[in-house]
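Subject: Handover of a structure and findings

Dear colleague,

Please find below the structure that I am handing over to you.

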Amino acid sequence: MFQDLRDSNSSQFQVSEFILMGFPGIHSWQHWLSLPLALLYLLALGANILILTTIYQEASLHQPMYNFLGILAVVDMGLATTIMPKILAILWFSAKAISLPECFAQMYAIHFFVAMESGIFVCMAIDRYVAICRPLRYPSIVTDSFVIKATLFMAVRNCLSPISVPILAAQKNYCLHNQIEHCFCTNLGVTSLSCDDRKINSINQIFLAWLIMGSDLGLIILSYALILRSVLKLNSKEAASKALNTCTSHLILILFFYTVIVVISITHSGGMKLPLIPVLLNVLHNVIPPALNPMVYALKNKELRQGLCKLLRLNIKSN
């Protein structure tokens, strides 16, 4: 599709591929970053596969909260796999060339998985809101059917909403430079090479960020504000502590996920003199959460921790 759009848009097209240069400013020794990045990628894949296997095999974890966690694990693996194989190919084999259709497809996949992760966080926040604020109605509201419908809604939303990003990028003329000072194809990094005005691309990027991330973050904040209000009304400190404890792992992941997005946005819009920082943050944002999410849940959630110990046949007493 992107190939057809590009060919039909301009007969003056000259660039046939982009060159991903990797980490700006450290090209001579960037290959040393391959080891920690490869380890993070393997950790992300291994930990999320372990989480999925545990949830599948442990009957006590066949609950909506853990179903959402399993879906998050799949999304995490997709997000990391979208960029990491190409980054490692650049660092290990200097395989820097990427065709335009592949570049636009990667751009779309990144937007889809990031938005999907944000959407699953919303679903998990709603799950916790109903569990804490409407406990008697929880079994009738948050059912397996609810999980399927919520996931399908998020998948459709995140399939359709970012499609404008690669389509608009594919309609630009790339007639001069083809070197991207990045490890993967980002919208702003690619369109900055265009010979055309890219104002519409920037506006579209900002609009989508506010539409998807802004609305998701707003719903999450609202959910936890209502949870906090409900918990403060509890007479028992033990009950309040138990209720908040079920949310801590989720809050840690949300805080990290959205904080890094805000920092990346600020560094890009601020035009930093050290372009390595936003690029490095961008890469880490796509690989650290997939590695961090399962570990945080395994450490903070007693039932999941017990399931993991049972799967690994570890005789560990969970407190």
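The model is predicted, and local features are given only at pLDDT of at least 70, side-chain atom pairs only at pLDDT 80 or more, while totals for chains, interfaces and linings use all residues. Residues are numbered from 1 along each chain as its sequence is written, and side-chain values use heavy atoms, with hydrogens and water left out.

The sheet

Helices (H or I, at least four residues) and strands (E, at least two) are DSSP runs numbered from the N terminus, and two strands count as paired if DSSP finds at least two bridges between them. Three strands make up an open sheet in the order E2-E1-E3, and the pairing is mixed. E2 and E3 stand at the edges with a single partner strand each, so one side of each has no neighbour in the sheet.

On one side, E1 (residues 17-20) pairs with E2 (residues 97-99) in the antiparallel sense, over three bridges. Ile19 stands opposite Ala97 in this pairing. As background, strands of a sheet pair through backbone hydrogen bonds, either parallel or antiparallel.

Helix H4

Helix H4 (residues 100-133) has 34 residues. From first C-alpha to last, H4 reaches 49 Å, close to the 50 Å expected at 1.5 Å a residue; the expected span is 1.5 Å times one less than the number of residues. H4 is mostly covered, with 27 of its 34 residues buried. Buried here means under 20% relative accessible area, exposed means over 50%, and partly exposed lies in between (1.4 Å probe, protein chains only).

The cysteines

How many disulfides does the structure hold? There are two, a disulfide being a pair of cysteine sulfur atoms within 2.5 Å. With bonded cysteines counted along the chain, the pattern is 1-3, 2-4.

Cys175 is in the loop between helix H7 (164-170) and E3, and Cys195 is in the loop between H8 and helix H9 (199-232), 20 residues apart. With a torsion of about -130 degrees about the S-S bond, the disulfide of Cys175 and Cys195 is left-handed. Cys195 counts as partly exposed because its relative accessibility is 33%.

Cys183 is in no disulfide, and the nearest cysteine sulfur, that of Cys185, is 11 Å away. Cys183 counts as buried because its relative accessibility is 2%. Cys309, at 9% relative accessibility, also counts as buried.

Enclosed spaces

The search used a 1 Å grid over the protein atoms alone: a cavity is a set of points where a 1.4 Å probe fits but cannot get out, a pocket is an open set with protein on both sides within 12 Å along at least five of seven lines, and lining residues have an atom within 4 Å of a point. Grid points are joined across faces, edges and corners, and a volume is the space filled by probe spheres set on the points.

The structure holds one cavity of 30 Å³ or more. The largest cavity contains about 80 Å³ of space, and its lining includes Met65, Met124, Asp127, Arg128, His250 and Tyr297. H3 (64-93), H4 and H10 (237-270) each supply at least two residues of that lining.

The second largest pocket has a volume of about 530 Å³. Of the 20 residues lining this pocket, Met65, Arg128, Lys242, Thr246 and Glu303 are the closest to its centre. H10 gives the most to the lining of the pocket, with seven residues.

With kind regards
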